[in-house]
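This report goes through the side-chain interactions of one protein model. The sequence and the structure come first.

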Amino acid sequence: MKMHKFYFDRIIVVILLNLFLLSCDSKEESGGPEPEPVQERTKITMDSPGDGDIDWNNVALVWNEEFNGTTLADDVWVFEPKNTTNPDVADQLQTYRKENVNLNGGILNITAEKNADVYSSARISSKYAFEYGRIEINAKLPEQEKSGIWAKLVLIGDNEAQVGWPQCGEIDIMEYFSHNPNEFNINVHSTANNSFNGSLIRVNNELETVEEEFHIYGILWTDRYIKFYIDDLENIIYTLDRPASPNEDNWPFDKPFYLLIDMVIGGKYIGDNGVDDALFPAVMELDYIRVYHLQ
């Protein structure tokens, strides 16, 4: 009986070991680390105005960020540790850190710097998403005018996690490359129009004081158009009209979009001169962000 029990115990051990190994293999085959949780955002939407024109001077403030505190509010902003939007970022040099953001005197400062051969910057996104309206960002770009920085003030479709990028849509209210001083770009990304297929909608604008002074970068956005302006509502620099046959590929702009503020260092988009370390530290300053809706 003792001999039989010995073999029985060994059989039980072998079975349990095999079950454990099968469980391990199953976990490895299931895809590795858990996906990052989808950010749930508060939606602030405006009803479609129909075919009538809008008096954009006669609209109500529905959301604003004046940066009057000492730290960014956790219920308003997310510090993003990496770029999860555009996959074409492998050659960028920065590490994103909370320490590269500070508030001082009602101004948000995002600093790009180099310490001990490590480049760092910051990337933040809003916990709010907006559909339509007049959206203004008052900002000043880094003053050094040397190659290496790509700064942007952007709106990203809130369904990004479900459909991917650029399918979700992206509205670049302001994009700045420090190797091209005294100018900025506006861009519109979608499935139909993007840099991958060579059809990105891009408009270059000269602005001699873009690095030295604060300027208002704004859009007027409805279900019929997106108008871009600088400093004044009457100073429209580009209008994107809704296509005659709109669909999710060519007009993914009838849904909420969240705000993204980013300072990139290096990468293929900053020019052939690479990164000039003499520009560090480089600071992008934001005075306020304001969203107005028709009431």
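## Basis

This is a predicted model, in which local features need pLDDT of at least 70 and side-chain atom pairs count only at pLDDT 80 or more, while totals for chains, interfaces and linings use all residues. Residues are numbered from 1 along each chain as its sequence is written, and side-chain values use heavy atoms, with hydrogens and water left out.

Helices (H or I, at least four residues) and strands (E, at least two) are DSSP runs numbered from the N terminus. Buried stands for under 20% relative accessible area, exposed for over 50% and partly exposed for what lies in between, with a 1.4 Å probe and protein chains only.

## Nonpolar cores

In soluble globular proteins, nonpolar side chains tend to be buried together. A nonpolar core is here a set of buried Ala, Val, Leu, Ile, Met, Phe, Trp, Tyr and Cys residues joined through side-chain atoms within 4.5 Å. The largest such core has 67 residues, and Tyr-217 and Leu-286 touch the most other members. Strand S18 (residues 282-293) gives the most to this core, namely seven residues. A second, separate core also has seven residues, including Ala-129, Ile-156, Trp-165 and Tyr-258.

## Aromatic pairs

Rings of Phe, Tyr and Trp (its six-membered ring) count as a pair if their centres lie within 6.5 Å; planes under 30 degrees apart are stacked, over 60 edge-to-face and the rest tilted. The count by this rule is 14 aromatic pairs. One of them is edge-to-face: the ring centres of Trp-63 and Trp-77 are 6.5 Å apart, with the planes at 65°. Trp-63 belongs to strand S2 (residues 60-65) and Trp-77 to strand S3 (residues 77-79), 14 residues apart. Both of these residues are buried.

Trp-150 and Phe-177 make a stacked pair, because their ring centres are 5.5 Å apart and their planes are at 20°. With Trp-150 in strand S10 (residues 149-157) and Phe-177 in strand S11 (residues 170-177), this pair ties together parts that are 27 residues apart in sequence. Trp-150 is buried at a relative accessible area of 7%, and Phe-177 is buried at 8%. Elsewhere, Trp-63, Phe-67, Trp-77, Tyr-128 and Phe-130 make up one aromatic cluster.

## Charges over rings

A charge sits over a ring if NZ of Lys or CZ of Arg is within 6 Å of the ring centre and within 35 degrees of the ring normal. Lys-227 lies over the face of Tyr-225, 4.5 Å from the ring centre. Arg-290 has its charged end over the ring of Tyr-288, at 3.5 Å from the centre.

## Salt bridges

The whole structure holds 13 salt bridges, each a side-chain nitrogen of Lys or Arg within 4 Å of a carboxyl oxygen of Asp or Glu. Arg-41 and Asp-158 form one of them (3.0 Å, N to O). Arg-41 is in the loop between helix H1 (2-29) and strand S1 (42-45) and Asp-158 in the loop between S10 and H2, so this bridge ties together parts that are 117 residues apart in sequence. Arg-41 and Asp-158 are buried.

Asp-262 and Arg-123 form another salt bridge (2.8 Å, N to O). Asp-262 lies in strand S17 (residues 257-265) and Arg-123 in strand S8 (residues 123-131), so parts 139 residues apart in sequence are tied together. Both residues are buried. Asp-262 and Arg-123 are also linked with Glu-80 and Lys-152 in a network of salt bridges.

Glu-136, in strand S9 (residues 133-140), is buried with a relative accessible area of 5%. The side chain of Glu-136 meets that of Arg-134 in a salt bridge (3.2 Å, N to O). A polar contact (a pair of N or O atoms within 3.5 Å; within protein, one must be able to donate a hydrogen and the other to accept it, and residues adjacent in sequence count only if both atoms are side-chain atoms) of 2.7 Å joins the side chains of Glu-136 and Tyr-229. Contact means heavy atoms within 4.5 Å. Not counting residues up to four places away in sequence, Glu-136 touches residues including Tyr-217, Tyr-288 and Arg-290.

Thr-222 is in the loop between strand S14 (215-221) and strand S15 (225-230) and counts as buried at 0% relative accessibility. A polar atom of the Thr-222 side chain lies 2.9 Å from the backbone nitrogen of Arg-224. Beyond its neighbours within four places in sequence, Thr-222 is in contact with Pro-49, Ile-54, Trp-56, Tyr-132 and Trp-251. Glu-160, in helix H2 (residues 160-163), is buried with a relative accessible area of 13%.
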